[in-house]
2 protein chains.
Amino acid sequence: MSGKQLRISELGKRAGVSTKTIRFYEAIGVLPLPARVTNGYRTYSADAVDVLHFVKQAQGLGLTLAEIKEIIAIRRGGRPPCQHVYKLLQEKVVALDRKLRDLIALRDRLQESLAAWRRQPAGKAAVCHHIESPARPRQRRAQGD
Amino acid sequence: MSGKQLRISELGKRAGVSTKTIRFYEAIGVLPLPARVTNGYRTYSADAVDVLHFVKQAQGLGLTLAEIKEIIAIRRGGRPPCQHVYKLLQEKVVALDRKLRDLIALRDRLQESLAAWRRQPAGKAAVCHHIESPARPRQRRAQGD
DNA sequence: CTTGACCTTCCACCATACTGGAAGGAGTAG
DNA sequence: CTACTCCTTCCAGTATGGTGGAAGGTCAAG
C-alpha cells in the first residue's frame, strides 16, 4: 500500500518547502507529530506531501496557518472538513470582496492624485499634497482650521 | 507665528494616535527628534499634528512606515518630496493593479469552488477538495479523502 | 578512524506596526 | 505632606510566517 517512507529533507524536496518549515508546521500543530525511526529521525509517508501541498494551496487561497490548522484538525478528527471549509471560504469571499472594493477605491484615489499632479504640479501641504489632498477631497483647511 | 506648543499626549489626542505610537515613530525616524522643555518633556508645534495626519493618510494609501519615513526625510532635507512621492505612488498603483488581479482571480476561484460544491457536495482529496481542486483543475488522483 | 551528509533540539532573529508595563521624575491640587 | 496625573526611559511582548545557527547524534563511505 504505502510505498516508501520519507525523511524530512526528502519530504521537503517533494513538497517544495524547507525542513525548517516542516518542523515549524509541526511545532504549531499544522502537521501531526510524525512517526520516528529508531534513531529518532522523523519519517513520513507520501501522503505528507499531499498535506503540504494542501497547506500551500490553502495559503495561496488566502487562508492563514491558523485556519489551515483548524481544517486539518477537523480532518484528523475523522470528520470531513468540507462543511467547515465551505463556510470558511464563503467568509473569505465576502472579506475579499470588501478588500477588493477598498483597494480599487485606493487605486482610483492614487490614479486621480497622479492625474491631478500632472495638471498642476505644485502645491502646499505639510509634507506632500499627493498624499494629503486625495484623502480630503474637498478643500483642505487653509492654515487656521 | 507659531501658536502654542503641545505636549505629547495633547498631540496624540489631536492626531488620533497614542503617545506610544508617537514615541515609536520618533524612535524609527518617522518623526524628527522633538524639542524638549527644561524638564525633559517633548514639545511639539501644531505642525506635528499635520505630519501625523500625513502619516496616517499615507498608511491609508498603502505606504509602509519605511516609505513614509523616506518621504518625510526628503521633505526635511529641504527638497519637495513630490517628485519622489509621484514615483512611489505610481509604483504603488502598478503593484496594486497586480494585487487586484490576483485577488479577483482568487475570489473567482473560490466562488467557482463553492458553486462546484453546491453541484456535487462530495469529493476525494488529501484534505479537502474545496481547496485542492480549484488550484488543480484536472482530476486529482483518488487516494485520500 | 575520519569525513561528510543528514538528523536532532533549542534559542534567537527577520520584518511590520505597534502595545504593555515597570521604575522613576515633574508638576499641581489640597 | 500626600495624591494624582503626566512625563521619561527601557525592556518585553503581540501576531504572522517563517529563517539562521549552534551543539550534538547517526550513519555510510573511504
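Predicted model: local features only at pLDDT ≥ 70, side-chain atom pairs only at ≥ 80, totals over all residues.
How many nonpolar, polar and charged residues does the surface near DNA strand D have? Local features need pLDDT of at least 70 and side-chain atom pairs count only at pLDDT 80 or more, while totals for chains, interfaces and linings use all residues. Residues are numbered from 1 along each chain as its sequence is written, with chains lettered from A and ligands numbered from 1 in the order in which they are written.

**View 1. The surface near DNA strand D.** By class, this surface has five nonpolar, nine polar and four charged residues (Ala, Val, Leu, Ile, Met, Phe, Trp, Tyr, Cys and Pro count as nonpolar, Asp, Glu, Lys and Arg as charged, and the others, Gly among them, as polar). Near means that the C-beta atom, placed from the backbone, lies within 6 Å of the strand. Among the 18 residues around DNA strand D, A:Asn39, A:Leu65, B:Arg7, B:Ser9 and B:Arg42 come nearest. H2(A) gives the most to this surface, with three residues; helices are DSSP runs (H or I) of at least four residues, numbered from the N terminus.

**View 2. Where H1(A) meets H3(A).** Here A:Leu11, A:Arg14 and A:Ala15 in H1(A) meet A:Ala48, A:Val49, A:Leu52 and A:His53 in H3(A) (in contact: C-beta atoms, placed from the backbone, within 7 Å). By class, this contact has five nonpolar, one polar and one charged residues.

**View 3. A:Ala66 in helix H4 of chain A.**

How values were computed
Helix = DSSP H or I, 4+ residues; strand = E, 2+ residues; numbered from the N terminus. Contact = placed C-beta atoms within 7 Å.
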